Amino acid sequence: MGAKIALCIHDMSSVGRCSMTVISPVLSVQGIQCVPLPTTVLSSHYGGFGAVARQELTDFCFDSLKEFNRIGVKFDCVYSGFLADEIQIKLVQQAFSENSRALKVCDPVMGDNGRIYSSVTNEIMEGFKTLCAISDIITPNTTEAFALLDKSINKQIFTQQAAEQLVTELKERYNCSVVVTGIKLENGKVICCGIGKTEDNPFMVEINYIPVHFPGTGDLFCATMIGDMLNGMSLEKSVEKASRFVEICVRNTYTNENVDTRFGVEIEQNLKYLFD
């Protein structure tokens with residue numbers, strides 16, 4: 001058998017090591033063929049570079065789905081991230097529908113640190129709720145988790161019980177597996193908390209937190225998790241391995257002198273750790 005194939009419906013920022021430019025190499029190293037379907041191309045991400053050149057590719061994406069069908073490509077995974085508008089929500093719905101046997105993963109990119117991004121309209125937010133309801137796995141951060149549950153985004157510090165309740169509520173509402181990333185506990189620890197669709201009890205993976213922010217670490221985490229799951233690893237073990245890999249990348253980049261965090265973690269010399 002050939003390599004498994006993942007259709008990745010994300011933006012592509014040329015500078016800044018996030019979205020497609022980290023997803024593709026991570027999946028490739030894990031033996032998964034990445035088929036990129038860029039919803040929007042940008043000269044860089046929005047995290048500190050100032051003005052950004054941007055081109056949306058909605059028509060190209062829909063045309064590409066037609067061509068994929070024409071040539072008979074079937075995907076083992078469909079993985080969606082940043083979407084520019086409600087029309088691109090429909091794009092992902094179509095891709096999910098046309099690949100019903102694929103692992104369907106939605107990263108509902110809507111906000112972070114207690115605020116929703118200015119570009120996320122009510123229509124986009126409602127669209128993400130629709131996508132989550134037809135996904136196998138969703139990977140929101142805490143801000144996005146509250147938005148998906150129609151709750152006020154006012155909690156930044158959690159008890160363990162509150163974290164477990166959050167993922168359980170998401171599982172019950174959207175009938176899928178859930179991984180919520182970057183949960184800060186009141187004891188100072190940071191965790192990922194998850195629960196399988198058919199499981200009753202959540203699991204937690206503690207993060208060796210480093211107090212620095214790099215763009216793209218969520219994409220790095222999710223791509224690593226997906227690659228391992230496509231290779232037969234359980235959800236919990238995949239989350240554990242993805243967490244450890246992101247830790248390595250952040251730590252090794254942060255220890256370099258004069259690091260400019262806007263350019264993301266230096267994955268090039270750290271991809272080798274995925275082989276361990």
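Visitor: Is Glu206 buried, partly exposed or exposed?

Guide: Start with relative accessibility: over 50% is exposed, under 20% is buried, and partly exposed lies in between. This is a predicted model. Glu206 has 39% relative accessibility, so Glu206 counts as partly exposed.

Visitor: Which residue forms a salt bridge with Glu206?

Guide: Look for a side-chain nitrogen of Lys or Arg within 4 Å of a carboxyl oxygen of Asp or Glu. Here the partner is Lys189, with the closest N and O atoms 3.7 Å apart. The pair links distant parts of the chain. Lys189 sits in the loop between strand 10 (177-185) and strand 11 (190-195), while Glu206 lies in strand 12 (residues 203-207). They are 17 residues apart. Lys189 is also partly exposed, its relative accessible area being 39%.

Visitor: How many salt bridges does the structure hold?

Guide: The structure holds 13 salt bridges.

Visitor: Where do Lys129 and Asp150 lie in the chain?

Guide: Lys129 is in helix 4, and Asp150 is in the loop between helix 5 (142-148) and strand 9 (157-158). That pair links distant parts of the chain, 21 residues apart.

Visitor: By about how many helical turns are Glu126 and Lys129 separated?

Guide: About one, because the two residues are three apart in helix 4 (residues 122-133).

Visitor: Is Lys129 buried or exposed?

Guide: Buried, with a relative accessible area of 8%. Its two partners named above read otherwise. Glu126 has 44% relative accessibility and counts as partly exposed. Asp150, at 49%, is partly exposed.

Visitor: Which residues is Ser238 in contact with, leaving aside neighbours within four places in sequence?

Guide: Setting those neighbours aside shows what else packs against a residue. For Ser238, the contacts are Met225, Asp228, Met229 and Met233.

Note on methods: Residues numbered from 1 in each chain as written. Predicted model: local features only at pLDDT ≥ 70, side-chain atom pairs only at ≥ 80, totals over all residues. Heavy atoms only, no water. Helix = DSSP H or I, 4+ residues; strand = E, 2+ residues; numbered from the N terminus. Buried < 20%, exposed > 50% of the residue type's maximum accessible area, 1.4 Å probe, protein only. Contact = heavy atoms within 4.5 Å.
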